[in-house]
Amino acid sequence: MKVLIVNPILYTNENRNIKKVNTIKDTMIYDLCLAFKKKGCDVTLAASDLYKPSENESYPFNIIWMRTRCTKLFPPHTLPYCPEVKKIAKSGNFDLIITSEVFSLNSLKLALCTPKNLIVWQELGKHNRIFHGLASKFWYGIVAKIGFKKALIVARSVQAKEFISKYCKNVSDTIIDHGVTVFYGSRDEGKVLQLKGKNCREN
């Protein structure tokens, strides 16, 4: 099974000047990719090139460092814009695509071009404060309702589920949190696969 995980922001930054780190192997998304790999999936992670570590690393799965554009307009620590995500998703013949957040330009591109294979993993449980919250209210109130009609949305918490359900109807009853770091039996990624009618877990 081929899985694409789109997560441009690999770690938290307080401003648009992305701090360099030596490794990404201590991030939650790395553990998620590793969990899929341990279950025999062919995994690709697509991340912003601004988060590429300063040290050369080798990984047991594929990583594509997407070029991050228009950083003055779209802050890379909160709303990175990586337009090549559409090309990556459509050219890779992926069985499953997981992207982070409805409030994301990259997620919107995926929701419009590959909705059938897409899961949007929603963490935010309230409006983002970018542009004094106006951008978030516009996005969820209009863009999310129109652009995310066909993509399945899975919340990471009860709060996130209650929040996103106000704007999108296609929200799963299943909540999948950040617990993937604890297991390589990975009940969390197993749940995600089952939601799409797929299953690459061991019986």
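**A buried arginine and its partner**

Guide: Arg 156 is buried, with a relative accessible area of 6%, where buried means under 20%, exposed means over 50% and partly exposed covers what lies in between, using a 1.4 Å probe and protein chains only. The model is predicted, and for that reason local features need pLDDT of at least 70 and side-chain atom pairs count only at pLDDT 80 or more, while totals for chains, interfaces and linings use all residues. Residues are numbered from 1 along each chain as its sequence is written, and side-chain values use heavy atoms, with hydrogens and water left out.

Side chains of opposite charge can pair when their charged atoms come close. The side chain of Arg 156 meets that of Glu 123 in a salt bridge, at 3.8 Å from N to O; the term requires a side-chain nitrogen of Lys or Arg within 4 Å of a carboxyl oxygen of Asp or Glu. Arg 156 lies in the loop between β6 (152-155) and α5 (158-164), and Glu 123 in the loop between β5 (118-122) and α4, so the pair ties together parts that are 33 residues apart in sequence. Here helices (H or I, at least four residues) and strands (E, at least two) are DSSP runs, numbered from the N terminus.

Helix α4 (residues 134-147) packs with helix α3 (residues 105-113) at an angle of about 25°, and their axes are 10 Å apart; the axes are lines fitted to C-alpha atoms over the stretch in contact, and angles run from 0 to 180 degrees between N-to-C directions. The two helices are therefore roughly parallel to each other, a term for angles under 35 degrees. Leu 105, Leu 108, Ala 111 and Leu 112 of α3 meet Trp 139, Val 143 and Gly 147 of α4, contact being heavy atoms within 4.5 Å. These residues divide into six nonpolar, one polar and no charged, with Gly counted among the polar ones.

The loop between β4 (96-100) and α3 holds Glu 101. Glu 101 is buried, with a relative accessible area of 12%, and its phi is near 75°, a positive value in a residue other than glycine.

Note on methods:
Parallel < 35°, antiparallel > 145°, perpendicular 65-115°, else oblique.
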